[in-house]
Amino acid sequence: MERHIERVLNRVALISVSIATLILLYLLLQTPETCIPRNAPRKPHFRFPKSSCDFYSRDYLPLHKKNTRLWSSKFWITRVSSYTHFFTQLYQMGVLKNHSKVLCVSAGVGHEVMALTKLGVEDVTGVELIESLPFVSRADPHNLPFFDEAFDVAFTAHLEDALYPLQYAREMERTVRKGGVLVVVVEERSEEEVKEIVRLFRMSSLLHSSYLTFIGNRVTRILLKNKASA
(Lines give C-alpha, C1' and ligand atoms only; values in the text may rest on other atoms or scores of the structure.)
Protein backbone atom coordinates (compact mmCIF):
# COMPACT_ATOMS: atom_id res chain seq x y z
CA MET A 1 0.00 0.00 0.00
CA GLU A 2 2.80 2.41 0.90
CA ARG A 3 4.64 1.65 -2.36
CA HIS A 4 1.47 2.36 -4.33
CA ILE A 5 1.05 5.71 -2.65
CA GLU A 6 4.72 6.52 -3.25
CA ARG A 7 4.36 5.70 -7.00
CA VAL A 8 1.27 7.94 -7.22
CA LEU A 9 3.07 10.81 -5.49
CA ASN A 10 6.07 10.44 -7.80
CA ARG A 11 3.80 10.59 -10.86
CA VAL A 12 2.06 13.70 -9.49
CA ALA A 13 5.40 15.35 -8.84
CA LEU A 14 6.64 14.48 -12.34
CA ILE A 15 3.48 15.87 -13.93
CA SER A 16 3.78 19.08 -11.84
CA VAL A 17 7.39 19.58 -12.87
CA SER A 18 6.49 19.02 -16.53
CA ILE A 19 3.65 21.54 -16.37
CA ALA A 20 5.83 24.12 -14.62
CA THR A 21 8.55 23.65 -17.25
CA LEU A 22 6.07 24.15 -20.09
CA ILE A 23 4.69 27.31 -18.45
CA LEU A 24 8.20 28.71 -17.97
CA LEU A 25 9.10 28.06 -21.62
CA TYR A 26 5.88 29.69 -22.72
CA LEU A 27 6.62 32.80 -20.64
CA LEU A 28 10.18 33.03 -21.92
CA LEU A 29 8.92 33.11 -25.51
CA GLN A 30 6.44 35.90 -24.86
CA THR A 31 6.94 39.64 -25.24
CA PRO A 32 4.74 41.96 -23.18
CA GLU A 33 2.13 43.63 -25.36
CA THR A 34 3.29 47.03 -24.11
CA CYS A 35 6.60 46.55 -25.92
CA ILE A 36 5.16 45.58 -29.31
CA PRO A 37 4.74 48.44 -31.79
CA ARG A 38 1.67 48.31 -33.99
CA ASN A 39 3.65 47.50 -37.12
CA ALA A 40 5.60 44.61 -35.52
CA PRO A 41 5.00 41.03 -36.76
CA ARG A 42 2.69 38.88 -34.67
CA LYS A 43 3.89 36.31 -32.17
CA PRO A 44 5.92 34.21 -31.58
CA HIS A 45 8.75 36.51 -30.47
CA PHE A 46 11.90 34.77 -29.36
CA ARG A 47 13.32 37.58 -27.30
CA PHE A 48 12.11 38.38 -23.81
CA PRO A 49 12.85 42.04 -22.95
CA LYS A 50 14.52 43.00 -19.70
CA SER A 51 11.67 45.34 -18.91
CA SER A 52 8.42 46.58 -20.41
CA CYS A 53 10.36 49.55 -21.82
CA ASP A 54 13.17 47.53 -23.34
CA PHE A 55 11.87 47.55 -26.90
CA TYR A 56 12.99 51.09 -27.60
CA SER A 57 16.59 52.20 -27.29
CA ARG A 58 17.42 55.04 -24.92
CA ASP A 59 19.46 57.94 -26.21
CA TYR A 60 22.49 58.90 -24.14
CA LEU A 61 22.33 62.51 -22.99
CA PRO A 62 25.79 64.10 -22.54
CA LEU A 63 26.53 65.77 -19.21
CA HIS A 64 26.59 69.30 -20.65
CA LYS A 65 23.12 68.81 -22.13
CA LYS A 66 21.78 67.45 -18.84
CA ASN A 67 23.23 70.45 -17.03
CA THR A 68 21.85 72.90 -19.58
CA ARG A 69 18.39 71.45 -19.07
CA LEU A 70 18.78 71.49 -15.27
CA TRP A 71 20.19 75.02 -15.06
CA SER A 72 17.38 76.45 -17.18
CA SER A 73 14.64 75.00 -14.95
CA LYS A 74 12.53 77.35 -12.84
CA PHE A 75 13.44 75.46 -9.66
CA TRP A 76 17.17 75.85 -10.29
CA ILE A 77 16.93 79.54 -11.17
CA THR A 78 14.85 80.26 -8.06
CA ARG A 79 17.32 78.44 -5.79
CA VAL A 80 20.36 80.17 -7.26
CA SER A 81 18.61 83.53 -6.93
CA SER A 82 18.00 82.87 -3.21
CA TYR A 83 21.64 81.94 -2.65
CA THR A 84 22.78 84.98 -4.61
CA HIS A 85 20.76 87.27 -2.36
CA PHE A 86 22.11 85.49 0.72
CA PHE A 87 25.76 85.76 -0.33
CA THR A 88 25.34 89.38 -1.46
CA GLN A 89 24.60 90.21 2.17
CA LEU A 90 27.85 88.50 3.20
CA TYR A 91 29.68 90.64 0.62
CA GLN A 92 28.17 93.76 2.15
CA MET A 93 29.26 92.61 5.61
CA GLY A 94 32.82 92.10 4.40
CA VAL A 95 32.77 88.34 5.00
CA LEU A 96 33.14 87.55 1.30
CA LYS A 97 35.47 89.05 -1.28
CA ASN A 98 36.23 88.11 -4.86
CA HIS A 99 39.59 86.64 -3.86
CA SER A 100 38.13 84.58 -0.98
CA LYS A 101 38.68 80.84 -1.04
CA VAL A 102 35.28 79.38 -0.20
CA LEU A 103 34.29 75.83 0.75
CA CYS A 104 30.65 74.80 0.46
CA VAL A 105 30.03 71.69 2.56
CA SER A 106 27.11 69.39 1.68
CA ALA A 107 26.56 71.45 -1.45
CA GLY A 108 23.93 69.21 -3.02
CA VAL A 109 23.85 69.78 -6.77
CA GLY A 110 25.66 73.11 -6.55
CA HIS A 111 23.18 75.97 -6.26
CA GLU A 112 25.42 77.85 -3.82
CA VAL A 113 28.53 77.20 -5.88
CA MET A 114 26.95 78.67 -9.00
CA ALA A 115 25.66 81.68 -7.03
CA LEU A 116 29.11 82.43 -5.59
CA THR A 117 30.76 82.01 -8.97
CA LYS A 118 28.29 84.39 -10.61
CA LEU A 119 28.95 86.94 -7.86
CA GLY A 120 32.62 86.91 -8.78
CA VAL A 121 34.23 84.66 -6.16
CA GLU A 122 37.23 83.22 -7.97
CA ASP A 123 37.88 80.09 -5.90
CA VAL A 124 34.82 78.08 -4.84
CA THR A 125 34.84 74.39 -3.91
CA GLY A 126 31.68 72.37 -3.35
CA VAL A 127 31.62 68.90 -1.82
CA GLU A 128 28.90 66.33 -1.25
CA LEU A 129 28.66 62.57 -0.74
CA ILE A 130 27.52 62.28 -4.36
CA GLU A 131 29.31 64.37 -6.96
CA SER A 132 27.40 66.68 -9.26
CA LEU A 133 29.81 67.97 -11.87
CA PRO A 134 31.03 70.53 -12.65
CA PHE A 135 30.18 72.33 -9.39
CA VAL A 136 30.31 69.63 -6.73
CA SER A 137 32.94 66.97 -6.08
CA ARG A 138 32.50 63.82 -4.04
CA ALA A 139 33.81 63.95 -0.46
CA ASP A 140 32.68 62.97 3.02
CA PRO A 141 31.87 66.11 5.04
CA HIS A 142 33.01 64.23 8.14
CA ASN A 143 36.45 63.62 6.61
CA LEU A 144 37.24 66.43 4.18
CA PRO A 145 40.15 65.79 1.77
CA PHE A 146 41.78 69.21 2.23
CA PHE A 147 44.81 70.55 4.04
CA ASP A 148 44.44 72.46 7.29
CA GLU A 149 43.58 76.16 6.86
CA ALA A 150 43.01 75.79 3.10
CA PHE A 151 40.01 78.14 2.93
CA ASP A 152 39.01 81.62 4.03
CA VAL A 153 35.31 80.85 4.40
CA ALA A 154 33.33 77.64 4.91
CA PHE A 155 29.57 77.54 4.34
CA THR A 156 26.92 74.94 5.04
CA ALA A 157 23.15 74.86 5.17
CA HIS A 158 23.04 71.20 6.17
CA LEU A 159 24.68 70.89 9.57
CA GLU A 160 21.37 69.61 10.93
CA ASP A 161 21.51 66.67 8.48
CA ALA A 162 24.95 65.52 9.61
CA LEU A 163 25.26 62.06 11.13
CA TYR A 164 27.98 63.30 13.46
CA PRO A 165 27.54 67.06 13.95
CA LEU A 166 30.60 67.47 16.17
CA GLN A 167 32.92 65.85 13.63
CA TYR A 168 31.23 67.79 10.84
CA ALA A 169 31.90 71.06 12.67
CA ARG A 170 35.46 70.01 13.52
CA GLU A 171 36.26 69.37 9.86
CA MET A 172 34.86 72.75 8.82
CA GLU A 173 37.06 74.44 11.42
CA ARG A 174 40.13 72.46 10.43
CA THR A 175 39.94 73.51 6.80
CA VAL A 176 39.41 77.23 7.53
CA ARG A 177 42.40 79.46 8.28
CA LYS A 178 42.87 81.22 11.59
CA GLY A 179 40.72 84.34 11.46
CA GLY A 180 38.55 82.85 8.73
CA VAL A 181 34.77 82.69 8.91
CA LEU A 182 32.34 79.80 9.16
CA VAL A 183 28.80 80.44 7.94
CA VAL A 184 26.09 78.07 9.13
CA VAL A 185 22.41 78.17 8.20
CA VAL A 186 19.91 76.21 10.30
CA GLU A 187 16.17 76.26 10.83
CA GLU A 188 14.98 79.19 12.92
CA ARG A 189 16.36 78.64 16.42
CA SER A 190 16.09 80.29 19.83
CA GLU A 191 19.10 81.94 21.45
CA GLU A 192 19.71 78.91 23.64
CA GLU A 193 19.60 76.57 20.65
CA VAL A 194 22.03 78.81 18.78
CA LYS A 195 24.41 78.58 21.74
CA GLU A 196 24.22 74.78 21.56
CA ILE A 197 25.14 74.88 17.88
CA VAL A 198 28.00 77.27 18.52
CA ARG A 199 29.38 74.88 21.15
CA LEU A 200 29.92 72.31 18.38
CA PHE A 201 32.58 74.63 16.97
CA ARG A 202 35.11 74.40 19.75
CA MET A 203 37.82 76.39 17.98
CA SER A 204 35.57 79.27 16.96
CA SER A 205 33.73 82.17 18.55
CA LEU A 206 30.34 83.59 17.65
CA LEU A 207 30.47 86.74 15.56
CA HIS A 208 26.81 87.22 14.80
CA SER A 209 23.51 85.39 14.48
CA SER A 210 20.37 86.67 12.81
CA TYR A 211 16.97 85.56 11.58
CA LEU A 212 16.09 85.82 7.91
CA THR A 213 14.04 84.26 5.15
CA PHE A 214 16.02 81.89 2.95
CA ILE A 215 14.56 79.85 0.08
CA GLY A 216 11.09 80.60 1.41
CA ASN A 217 11.84 79.42 4.96
CA ARG A 218 12.61 81.19 8.21
CA VAL A 219 16.18 80.34 9.19
CA THR A 220 18.94 81.40 11.53
CA ARG A 221 22.27 82.50 10.05
CA ILE A 222 25.25 81.94 12.32
CA LEU A 223 28.65 83.52 11.67
CA LEU A 224 31.68 82.23 13.55
CA LYS A 225 35.32 83.29 13.54
CA ASN A 226 37.93 80.55 13.59
CA LYS A 227 40.30 81.36 16.44
CA ALA A 228 42.98 78.76 15.72
CA SER A 229 43.82 75.77 13.55
CA ALA A 230 42.29 72.58 14.93
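This is a predicted model: local features need pLDDT of at least 70, side-chain atom pairs count only at pLDDT 80 or more; totals for chains, interfaces and linings use all residues.
Q: Which residues of helix α5 are buried?
A: Helices (H or I, at least four residues) and strands (E, at least two) are DSSP runs, numbered from the N terminus. A residue is called buried under 20% relative accessible area, exposed over 50%, and partly exposed in between (1.4 Å probe, protein chains only). Helix α5 spans residues 165-175, and its buried residues are Y168, A169, E171, M172, E173, R174 and T175.

Q: What covers the buried residues of α5?
A: Cover is read through contact, meaning heavy atoms within 4.5 Å. The covering elements include the strands β1 (101-105), β4 (151-156), β5 (176-187), β6 (204-214) and β7 (217-226), together with helix α6 (191-200).

Q: Which residues does E171 touch?
A: Not counting residues up to four places away in sequence, E171 touches P141, H142, N143 and L144. E171 lies in helix α5 and is buried, with a relative accessible area of 6%.

Q: How many salt bridges does the whole structure have?
A: A salt bridge is a side-chain nitrogen of Lys or Arg within 4 Å of a carboxyl oxygen of Asp or Glu. A search of the whole structure finds seven. One of them joins D148 and R174, with the closest N and O atoms 2.9 Å apart. This pair links distant parts of the chain, since D148 is in the loop between β3 (136-138) and β4 whereas R174 is in helix α5, 26 residues apart. D148 is partly exposed at 41% relative accessible area, while R174 is buried at 15%.

Q: Where do R174 and E171 lie, and how far apart are they?
A: An α-helix has 3.6 residues a turn, so residues three or four places apart point the same way. Here R174 and E171 both lie in helix α5, three residues apart, about one turn of the helix. They form a salt bridge, the closest N and O atoms being 2.9 Å apart. Salt bridges that share partners join D148, E171 and R174 into one network.

Q: In which sense do β6 and β7 pair?
A: Two strands pair if DSSP finds at least two bridges between them. β6 and β7 pair in the antiparallel sense over 10 bridges, and T213 stands opposite R218 in β7. The two strands form a hairpin with two residues between them, and I215 in the turn has a positive phi of about 55 degrees.

Q: Which residue forms a salt bridge with R218?
A: The partner of R218 is E188, with the closest N and O atoms 3.5 Å apart. R218 lies in strand β7 and E188 in the loop between β5 and α6, so the pair ties together parts that are 30 residues apart in sequence. R218 counts as partly exposed at 42% relative accessibility, and E188 counts as partly exposed at 40%.

Methods:
Residues are numbered from 1 along each chain as its sequence is written. Side-chain values use heavy atoms; hydrogens and water are left out.
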